[in-house]
Each structure stands twice: as structure tokens, then as C-alpha cells.
Amino acid sequence: MSQLKNVEARILQCLQNKFLARYVSLPNQNKIWTVTVSPEQKDRTPLVMVHGFGGGVGLWILNMDSLSARRTLHTFDLLGFGRSSRPTFPRDPEGAEDEFVTSIETWRETMGIPTMILLGHSLGGFLATSYSIKYPERVKHLILVDPWGFPLRPTDPSEIRAPPTWVKAVASVLGRSNPLAVLRVAGPWGPGLVQRFRPDFKRKFADFFEDDTISEYIYHCNAQNPSGETAFKAMMESFGWARRPMLERIHLIRKDVPITMIYGANTWIDTSTGKKVKMQRPDSYVRDLEIEGASHHVYADQPHIFNAVVEEICNSVD
């Protein structure tokens, strides 16, 4: 954990705006690692960003300053990921999902945030949606960035969109073990393995880091006791599919909660989901858009366009 702390400190040093990084203790003794940027901006609804599988607050570094120019921005490591506590999650998909969602709500209460613009990427998008079903009065706008776990698994194999080679490689190596077990087994070679499987990460963050800072960060986020990862495994059928697909439940979000879905034009996630969400919510605001030149990590592939789109959404709220 101390290595993760050191690498993350190097990343957060890049922030220009005032920020506050600390543990937020929940009543059940779990701790959520939280970074708040521009805490002094109190006039507007804060933006809360929820990272995806295997990520952490550090991966938002290309977005934090820009998105906190006119409002407070809160990012946190999901329970079971990054520097947050790593409890034992329930083994069933519904129980695991509920544990995540309850931790987000308890964090919000402890932070004293009455309402928020809630943004989630990938697994974070799935959990932000689940949160909005349960606590719609807290969400002024739901922003889903390449969200995981929406479509139902097709019965016809020809309809399945192939995930990228690195996803298939990791999945085949792991079989029944946890998705990131290879990284932990690799030990000190782990950062090199991240770099080898995902050289694109180094390119995405090259404006800020010429070295392997981001590969090291991802490695140290995932080199610890697998907790959130085990929960994710309980929630998924195979890497691309959720056991409880969100398309079957998105209609349960209160009608007055606006939703914007942002996809990378080159993503391996099924982008037709946006149209299907519109059909499920005919009387609600649903907008979907694709960002050219971006893959699954839209916020890092095209940070300037992404930041502009998100800022526009935030300004529509207040």
C-alpha cells in the first residue's frame, strides 16, 4: 500500500487546483480513499466521478483540473479497490452490487453532499446506475461513460462483439481465478506486464508522465488482496456480461433523472445500448453520443473533448 501511496502522490502533484486527499471513515469501519478538487467552489452542484474495474482516483488526472474549474469535484476509490478498505463482499451478484451501492451512499452521507452530478466509467457506470435506481433524489444528472454490464448476453454467438485481444488473453490465462490474479503472481514484474498488455496507457498519459508512472499505479492498485475484484467476479458471467444486466432495470430510475451516455467510437463495449436505454425511458431525457478517436477509456483517449462534453452537461445542471 505504501508503494501505491507514493505513486499516487506523484500523479496528484500534477494538479494545479487546490485539492484535499484523505480517508473518509464509514460507520461500519470501512474507509474510502477520497480526493476532492476545488473544495472552495460551493455554489454549484458537485461532480462525483466513479472509476472502473481495477482503477482508482489517479486515472482521472487528465480531467480533474478542467472539471473542477467552476465546481467541486469528488473522486474516490471504490470499496475493495485502490487505497480503500478491502472487505469480504457477499458472493452473490445482488449482494455484491448492494454492498458497493450502500458504500457509495454511506460515503455521500458522511461527506455531507446533498445532491450531485454522478459520473461513472465502465464498472463505475454500472454501479452509478444501480445507485440512481435506489437514491434518485441524490442525482441531478447521471453521466455514463462506456458503461459495463448493460446488454443482455446474446443467445446467438455471432451477435457477440469481440473484446480486444488483451481482454481475451487475460481471460484465457485466468480461467476460474480472479481477473487480475496474473498481476499479483507477477510480483515485481507486474508493472512491466501492465506495460506489455496495455502499452496504450503510457501513451494516453504521455503529456503528464514520460515514465511508467501510470503502469506502476495500475499495478499497485491491483497487487493487493482481491476484494472488489472478487465482487466484480460474482457480478459477471464472463468478462463482458453482467449476471444482472442493467438494461433490464434502467426503467426503474425515476423519470425526472436525466441520463447522458458517452461512448468511445472505437470501444469494445456495445454502443447500441444508448438507443435501447432511450427506448426503455421514452418520457425521460436520455442523450447518447460517441467521441471519435476514443476507445473504452474515453476520458484518457480524448481528454479535451471529454472534459468539454462533461462540462457542458454540468453547466446544464447549474
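This is a predicted model: local features need pLDDT of at least 70, side-chain atom pairs count only at pLDDT 80 or more; totals for chains, interfaces and linings use all residues.
Close-up 1. You'll find Asp-146 in the loop that runs between strand S6 (139-145) and helix H5 (165-174). Check out its backbone too: phi of Asp-146 is near 45°, which is a positive value in a residue that isn't glycine.

**Close-up 2. Ser-122, another residue with a positive phi.** Here we're in the loop between strand S5 (116-121) and helix H4 (123-134), and that's the place of Ser-122. Its phi is near 60°, and once again the residue is something other than glycine. Is Ser-122 buried or exposed? With a relative accessible area of 9%, Ser-122 is buried.

**Close-up 3. Asp-301 and the residues it touches.** Asp-301 belongs to helix H12 (residues 298-301). Look for a polar atom of the Asp-301 side chain: the backbone nitrogen of Ser-295 lies 2.7 Å from it. Leaving aside residues up to four places away in sequence, Asp-301 touches Lys-204, Gly-293, Ala-294, Ser-295 and His-296.

**Close-up 4. The second largest pocket.** Rolling a probe the size of a water molecule over the atoms shows where empty space is left. The second largest pocket has a volume of about 250 Å³. It's lined by 16 residues, and the closest to its centre are Pro-46, Thr-72, His-74, Gly-112 and Ile-113. What kinds of residues make up the lining of the second largest pocket? They split into six nonpolar, seven polar and three charged.

Key: Residues are numbered from 1 along each chain as its sequence is written. Side-chain values use heavy atoms; hydrogens and water are left out. Helices (H or I, at least four residues) and strands (E, at least two) are DSSP runs, numbered from the N terminus. Buried means under 20% relative accessible area, exposed over 50%, partly exposed in between (1.4 Å probe, protein chains only). A polar contact is a pair of N or O atoms within 3.5 Å; within protein, one must be able to donate a hydrogen and the other to accept it, and residues adjacent in sequence count only if both atoms are side-chain atoms. Contact means heavy atoms within 4.5 Å. On a 1 Å grid over the protein atoms alone, a cavity is a set of points where a 1.4 Å probe fits but cannot get out, and a pocket is an open set with protein on both sides within 12 Å along at least five of seven lines; lining residues have an atom within 4 Å of a point. Grid points are joined across faces, edges and corners, and a volume is the space filled by probe spheres set on the points. Ala, Val, Leu, Ile, Met, Phe, Trp, Tyr, Cys and Pro count as nonpolar, Asp, Glu, Lys and Arg as charged, and the others, Gly among them, as polar.
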